[in-house]
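Student: I would like to study this protein with you. May we see its sequence and structure?

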Amino acid sequence: MRGKKGGVACGDRVEYQLTTAEQGVIEKIQPRTSLLYRSDAFKEKIIAANVTQIIIVVAAIPSFSEELINRCLVAAESENIDVLIVLNKADLIEPTRVALDTLSLYESLGYRILPLSALQDVSVLRPHLQDHLSVLAGQSGMGKSTLLNALIPQANRATAEISAALDSGTHTTTHSQLYHLDENSAIIDSPGFQEFGLSHIKEENLAWGFLEFHPYFGQCKFSNCRHLKEPGCAVLNAVEQGKIHFKRLAFYQKLLRQNEF
Ligand SMILES: Nc1nc2c(ncn2[C@@H]2O[C@H](COP(=O)(O)OP(=O)(O)O)[C@@H](O)[C@H]2O)c(=O)[nH]1
Ligand SMILES: [Mg+2]
Ligand SMILES: [Zn+2]
């Protein structure tokens, strides 16, 4: 970039000027349609710009964090990004059955769950990528880079096997990269993350990240209800009646409390 460095994210559309045949400077970043980022009290980290779909990659082994899934969902909802949950390593049959059971909650909320094995066959994923800029998100070790290599063999993304052979660290993927699938579809491989800070989400917007809460908004006794333990809370009521899963309320309340500090 000309002038100050940084500010450009994977997925950005930019105006640039060539300085040599193969190099150029970025003059301007085009307005973004979405921006996916994680943040804590100290820093913000952009994951990708302009994505239309976040693919949360989980696997039965190593075990995945359900809290991380919920955090990704909040981030996606806040930016109006589609969500697809891929349960990778479906070749591990018994553990996958257990994981599918856990994920059925998210399926009941309307999120698509797609079990597959990146080592065996990724063709079921292809139709879901059509006309999207997708980003692979999730903890490291879930098989994101393996998945990407299966889709785009020329990508040659380093995976855990390769890093073991080279004796490098566990974080095999160190930077995000975008790959074109066809004229209208592309996919971004991102480094894995164990944390997904949401401190950039305003407290009053957090509940919007929980789809199934929406029908109850405006029905709480207090207009500024935070759905913690207020009397006459329509969300708490719905949980009591089994209309909202208690786990989701627990994740919401945990996030709300963490964001305060
Ligand atoms: N059994 C099984 N292992 C897989 C599958 N996909 C990836 N793995 C393994 O999981 C490990 C982590 O994969 P990697 O692609 O580096 O994960 P990333 O950190 O999410 O990019 C590697 O040892 C892969 O071989 C799969 O479908 N089945
Ligand atoms: Mg990787
Ligand atoms: Zn309430």
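Student: Which residue in β7 stands opposite Leu84?

Tutor: The model is predicted, so local features need pLDDT of at least 70, side-chain atom pairs count only at pLDDT 80 or more, and totals for chains, interfaces and linings use all residues. Residues are numbered from 1 along each chain as its sequence is written, and chains are lettered from A and ligands numbered from 1 in the order in which they are written. Strands (E, at least two residues) and helices (H or I, at least four) are DSSP runs, numbered from the N terminus. β6, residues 82–88, runs parallel to β7 and is joined to it by 4 bridges; opposite Leu84 stands Arg112.

Student: Which strands stand at the edges of the sheet?

Tutor: Two strands pair if DSSP finds at least two bridges between them. The open sheet has 6 strands in the order β7-β6-β5-β8-β10-β9, with mixed pairing. Two of them have a single partner strand each, so one side of each is left without a neighbour in the sheet: β7 (112–115) and β9 (177–182).

Student: Into which domains is the protein divided, and how far apart do their C-alpha centres lie?

Tutor: Domain bounds come from an automatic or database domain assignment. The division gives domain 1 (31–189) and domain 2 (203–259). Their C-alpha centres lie apart by 28 Å.

Student: Which element gives the most to the side of domain 1 that touches domain 2?

Tutor: Residues are in contact if their C-beta atoms, placed from the backbone, lie within 7 Å. The contact takes 9 residues from domain 1 and 9 residues from domain 2. On the domain 1 side, the most, 6 residues, comes from α1.

How values were computed: Two residues are in contact if their C-beta atoms, placed from the backbone, lie within 7 Å.
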